[in-house]
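User: I would like a close look at one part of this model. Please keep it brisk.

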Amino acid sequence: MCKGLSYLPSSCLEKAKGMRVKLSHLAENHHKLKVQDGKILQDLETLLNHKSGLQAFRDFLRSEFSEENLAFWLACEEYRVSSSTLQKTKAGSIYSQFINPDAPQEVNLDAETREALLSVMESPCADTFNKAQQRIYTLMAKDSFPRFLRSQHCMEAIKAF
């Protein structure tokens, strides 16, 4: 029969109190992380700015054979912050990798955007790919991201958080 806590030695009671405090802190921190990580999935921009969210989205796109959109978006992000001395080289690389009609990872851009890019490739600047990048971002936000949210990849990512 249980005689209550008063029959336990005081050292046991102190240890139990300490464990209770530690457990409550762990539970609180775990809840805060879950809430923070849940916000990762609220919109595409937040997802792309979070390392594990970005990786989960990349894995999903790879499974759908449409990773080129994300690769292009990331290349444009890198291009935008690169030094002006590297921009011409990087612009050519991005164009041949993603924009050129025979590109190995050709992204789905309208003819007008392609032609506009081709006309500025001789003298690229920091915002050369902005319009194309925004079009691909919009495509991912309206098409890929909603499918990602319904996918097993997303469910696994949530469990991992």
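How close do the axes of helix 4 and helix 5 come, and at what angle do they cross?

Analyst: This is a predicted model. Helix 4 covers residues 67–80, and helix 5 covers residues 84–99. Their axes come within 11 Å. They cross at roughly 170 degrees. An angle over 145 degrees counts as roughly antiparallel, so helix 4 and helix 5 are roughly antiparallel to each other.

Which residues make the contact? Helix 4 supplies Glu68, Ala71, Phe72, Ala75, Cys76, Glu78, Tyr79 and Arg80. Helix 5 supplies Gln87, Lys90, Ala91, Ile94, Phe98 and Ile99. By type, nine of the residues in this contact are nonpolar, one is polar and four are charged.

Now the loop. Ser82 sits between helix 4 and helix 5. Is Ser82 buried or exposed? Its relative accessible area is 12%. Buried means under 20%, so Ser82 is buried. A polar atom of the Ser82 side chain lies 2.7 Å from the backbone oxygen of Tyr79. Leaving aside residues up to four places away in sequence, Ser82 touches Gln87 and Lys90.

Cys76 is buried, with a relative accessible area of 2%. Cys154 is buried too, and its relative accessible area is 2%. How many disulfides are there? A disulfide is a covalent bond between the sulfur atoms of two cysteines. With a cut-off of 2.5 Å between cysteine sulfur atoms, the count is zero.

Conventions: Residues are numbered from 1 along each chain as its sequence is written. This is a predicted model: local features need pLDDT of at least 70, side-chain atom pairs count only at pLDDT 80 or more; totals for chains, interfaces and linings use all residues. Side-chain values use heavy atoms; hydrogens and water are left out. Axes are lines fitted to C-alpha atoms, for helices over the stretch in contact, and angles run from 0 to 180 degrees between N-to-C directions. Helices (H or I, at least four residues) and strands (E, at least two) are DSSP runs, numbered from the N terminus. Angles under 35 degrees count as roughly parallel, over 145 as roughly antiparallel, 65 to 115 as roughly perpendicular and the rest as oblique. Contact means heavy atoms within 4.5 Å. Ala, Val, Leu, Ile, Met, Phe, Trp, Tyr, Cys and Pro count as nonpolar, Asp, Glu, Lys and Arg as charged, and the others, Gly among them, as polar. Buried means under 20% relative accessible area, exposed over 50%, partly exposed in between (1.4 Å probe, protein chains only). A polar contact is a pair of N or O atoms within 3.5 Å; within protein, one must be able to donate a hydrogen and the other to accept it, and residues adjacent in sequence count only if both atoms are side-chain atoms.
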